Amino acid sequence: MSDNREFVEEFLVESGECLDQLDRDLIALEEHPDDPQRLASIFRTVHTIKGNSGFFGFSKLGALTHSGEHLLGKLRDGKIRLDDRVSGSLYSMIDAVRSILQAIEQTGVEGEQDFRELSQTLTAVAAQDAAEVESESEPVVVPEASAVTDPLPPAATPPAPQPSAPTAVAPASSIAPAVAPTPVPTLPIATVPKASIPAVESPKPAALMPSSETSIRVDVGLLASILDLVGELVLARNELRTIESTNPALEGVIHRINTVTNSLQEAAVKTRMQPIEHVFSKFPRTVRDLAVSCGREVQLVIDGADTELDRTLIESIRDPLTHLVRNAVDHGIEPPAERESKGKPRAGRLLLRAFHESGQVTIEVKDDGAGIPVEAVRAKAVARGLVDADTAALLPADRVLQFIFEPGFSTAAQVTSVSGRGVGMDVVKTNIEAIGGTVDIASQPGLGTTVRVRVPLTLAIIPALVVRCGSERFALPQAAVGELVSLRTDGGPRIEGLAGSAVIRVRGRLVPVIFLDEFLGLRSTTAARENGTVVLVRVDDHELGLVVDGTQTGSLPTDDASRQPGTSVMITEAASLSTIVVKPIGSLLAQLGIYSGATVLGDGGVVLILDLRGILRAADLPAIERRVESVAEQTMDATDSYLVCRTVAGRRIAVPIELVVRLEKFASADLQTAAGKRLVRRGDGYTPVVDADSLLGAPSAPVGSAGDADDGTINLVVLDDRCGGIGVAVRQILDVAAAESMLQSTLAAAGVAGTLAVGGLATEVLDLTALAAAPKTLPAVGGSHAWYPSADSLS
Amino acid sequence: MADIQRDTRHCCFLVGGDCFAVSSTGVTEVLRDGRITRVPHAAEAVIGLLHLRGRIVPVIDMRRRLGVIGTASTASRTHLVIRLHDDWYSLLVDEMLDVIEVAEHQIEHPSKPSADTANDAVTGVFADDGRLVYFLDPQRIVQPLARQREQFLQRQGAPHGTV
């Protein structure tokens, strides 16, 4: 056996494909039992396996497929009809063949399993029904195998040495005269010339047929080494490009090599790609079996099976997708009776769709079933302590659905249905995220559920951000990088300490940060702490800032506007990304769990790729988040930002910046009075104006002079609707700054909520509760965290 | 391991004045220099990564691995690149010596494996022409270096990012 190992392997691969084809055909045949083309295709496929097994001396396989072929022959001749018993026994045969092939693949021999019983069942199924028909069927099977009554040995002997399609079709034509009196559907098989059969079939097999002529099987290892070599070539090309030359001939050559290398790399990467068909092709069978066992009727629609993605990823999405499909059939689609009572068609529709979208592959698993009961999930989430009841009540439906991805939630969420399985949606999510993908779920009660899986096209070549940290460089997968924030010592974004952890404030959010140098045990540089860059990354549901010295392109440019003291200007720009080839670093270093690989940059330097998920775990980020959150809630008023102004009377006041909609400046002459209120026209409406001093209980200044600055203009701080959309007139806007102390409400006075330190000076915080049109909607100044975290309202 | 012992040819090299040898079976190449990229948090003996024609190879400093006091200048040292299952490693040695042929029966094996972590990779000794050659098992060279994850996680136990 060992000398023809190569042929056996080819036989295994081919037969595996045959079986997938069989599954598909058989399902199609169940839908259209009278489709002669399908039946012919099934017959041919089984015959091919039988012929091949005879050639290699796999007697069990031969016997089994022989029995199957015999049954199919009866079926084709119209001697028996396709019912559940027939299709069931044929499915069992396919499974048995699969298990034998598996045994051959692993051990080289057929294994100890005994399939005689199954063979006999197949024969019995064929014989019983055939007995009802006239005995003229006998000559039909004769040319194929004379020993119908003895199913075991015949195929082991080599009477069918040509396993190719021609022999498969030959019996069909020889049968033709014999079956002439039987029902019409079988006739076309006999009359249609062999070559045209695939063409009449569904597009899929038709596409597979000619591919055997334009494609060959290539060892995966060989392809991998070609990719490696191309990677090397790219590096050499990069070095070549750095050579300064005045020689035009050399320039031309370099340019050509550049172009060719690019094309070569593209082509080489394509060799890694495979159509998602390889995963999808299993599903018709899976769905059929599931539908039978769950008592459902399911119509599976597959779209975009030709969508290509990396071979290695195809394997990784197989299990998660299978789980989603199972879920859809088991929990999504209702039993036929229930569907009818709801006015839906008996058969549920399950759509599997794959397509390319913005450099990723999106796969949708969509059913038109009952949908996920949001309220049940909400209740379960509360019961499991994932969220408190008050918060849960406020969560929108799509947020509630996210709880399904919580570990261990799956069984609890199976409010819809019956069976419990080991794997939950959390595993689906984990597996998809492990390959850099995402999972979204959307569900409409009564209408169905859609799960959208997005995975990268490939893991081998990814866009990455290269950062500097001390003397080292590291690469971060771009998919996880949200934005870059430049640190500034002069009042710009900076790292703050909170609850013993470092955090950075980004548009009102507190994001924990990790100093990469410290985390990696590199010599720490104060430079990074003060002038470095914070790379905000998002992993799973966590946000994390990584403090590094800078990015590969050097520190981010700073313009004058952003240097203005007191304004926290976030510099978000597209730093230059490199496309890097991910290389394994070996088990020794991979098990550290903080590097996902390494790459070689254009300059030949090796750079480690950070495994952000691993870093998050190692740094125990969730614990930091919890700590920060709890402290942030207590001290929010002391750490929040305030707009600092000077009133006309010269008092220094602060307004929570949350409440400020915008700042305006206009001539005091524009101030109007109506119904005893001072107003200023703004677009189509009027903004009521209140003098800051009058809020503080000072004598009201004469109308028109309030907020009157020296140059005859008024500075207006326009507050949001919670404060009645009112404008507070002040003499001067001083600063936007974070509070440096807790609000001291003991120092409250008329119109003053309390005093705190801003910019090193004691500052009175304006009590705006009095301004509220509906006081209940106005959070008390200095209250808890009422205006956190919706801090992005300030524009 | 059986294969390694059946092969009689061994590559000899110097580390800290002593002569060591590994079976030539797994040796893929020997090279003089190479830029090494540091890997933070790796085991102490794993001093970094080497780029070897498209392959990224961890470099094991044999001086550190074998507990030799003092460091030789890295510049003059040699990478002995070995292959172990699917992983490649570079053993950074002081100097490559000759390739010797030693039959299995000529090697003296210690009665029990050394408990000393520095010498735990030594599988046998051979007296060759007035010098002692210590045979190393590549698998055992690498294995202890993989126990770093627990230690690493322990180190990370302290709160991070404290200002």
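**Reading a two-chain model**

Visitor: Which residue in strand 11 of chain B is the bridge partner of B:Val122?

Guide: The bridge partner of B:Val122 in strand 11 of chain B is B:Leu136, and since you are new here, please keep in mind that this is a predicted model.

Visitor: What is the strand order in the open sheet of chain B?

Guide: The six strands of this open sheet follow the order 3-7-8-6-5-4, with mixed pairing. Strand 3 (27-31) and strand 4 (36-37) of chain B each have a single partner strand and stand at the edges, so one side of each is left without a neighbour in the sheet.

Visitor: How should I read chain A, and how many helices and strands does chain A have?

Guide: Chain A has 28 helices and 30 strands, and 39% of its 795 residues are buried. If you consider contacts in chain A between residues at least 6 apart in sequence, 65% of them join residues at least 24 apart.

Visitor: Which residues have the most contacts inside the largest nonpolar core?

Guide: As a general idea, nonpolar side chains tend to be buried together in soluble globular proteins. In this structure the largest nonpolar core has 97 residues, and A:Leu476, A:Val535 and A:Leu610 have the most contacts inside it. Strand 8 (residues 461-469) of chain A gives the largest share of this core, seven residues. The core lies between domain 2 (220-272) and domain 4 (461-631) of chain A, because both give residues to it. Beyond its neighbours within four places in sequence, A:Val535 is in contact with several residues, including A:Leu465, A:Val467, A:Leu476 and A:Leu546. A second, separate core of 40 residues includes A:Leu300, A:Val329, A:Ile363 and A:Leu401.

Visitor: How many residues of chain A are in contact with chain B?

Guide: On the side of chain A there are 36 residues, which are in contact with 29 residues of chain B. Among the elements of chain A that give two or more residues to this side are helix 11 (220-241), strand 13 (509-515) and strand 19 (606-610). The residues of this side of chain A divide into 22 nonpolar, 10 polar and four charged.

Visitor: Where in chain A is confidence lowest, and where is it highest?

Guide: Confidence in chain A is lowest in helix 9 (residues 196-200), at a mean of 34, and highest in strand 19, at 92. Chain A as a whole averages a pLDDT of 73, and 74% of its residues score at least 70. Over residues 133-212 of chain A, pLDDT stays under 50, and the model has 105 contacts beyond four places in sequence for this stretch. Residues 773-795 of chain A also stay under 50, with 43 such contacts in the model.

Note on methods: Residues numbered from 1 in each chain as written. Chains lettered and ligands numbered in written order. Predicted model: local features only at pLDDT ≥ 70, side-chain atom pairs only at ≥ 80, totals over all residues. Helix = DSSP H or I, 4+ residues; strand = E, 2+ residues; numbered from the N terminus. Buried ≥ 20, exposed ≤ 12 C-beta atoms within 10 Å, placed from the backbone. Contact = placed C-beta atoms within 7 Å. Core = buried A, V, L, I, M, F, W, Y, C linked by C-beta atoms within 7 Å. Domains from an automatic or database assignment. Nonpolar A, V, L, I, M, F, W, Y, C, P; charged D, E, K, R; others polar. Pairing = 2+ DSSP bridges. pLDDT = per-residue confidence, 0-100.
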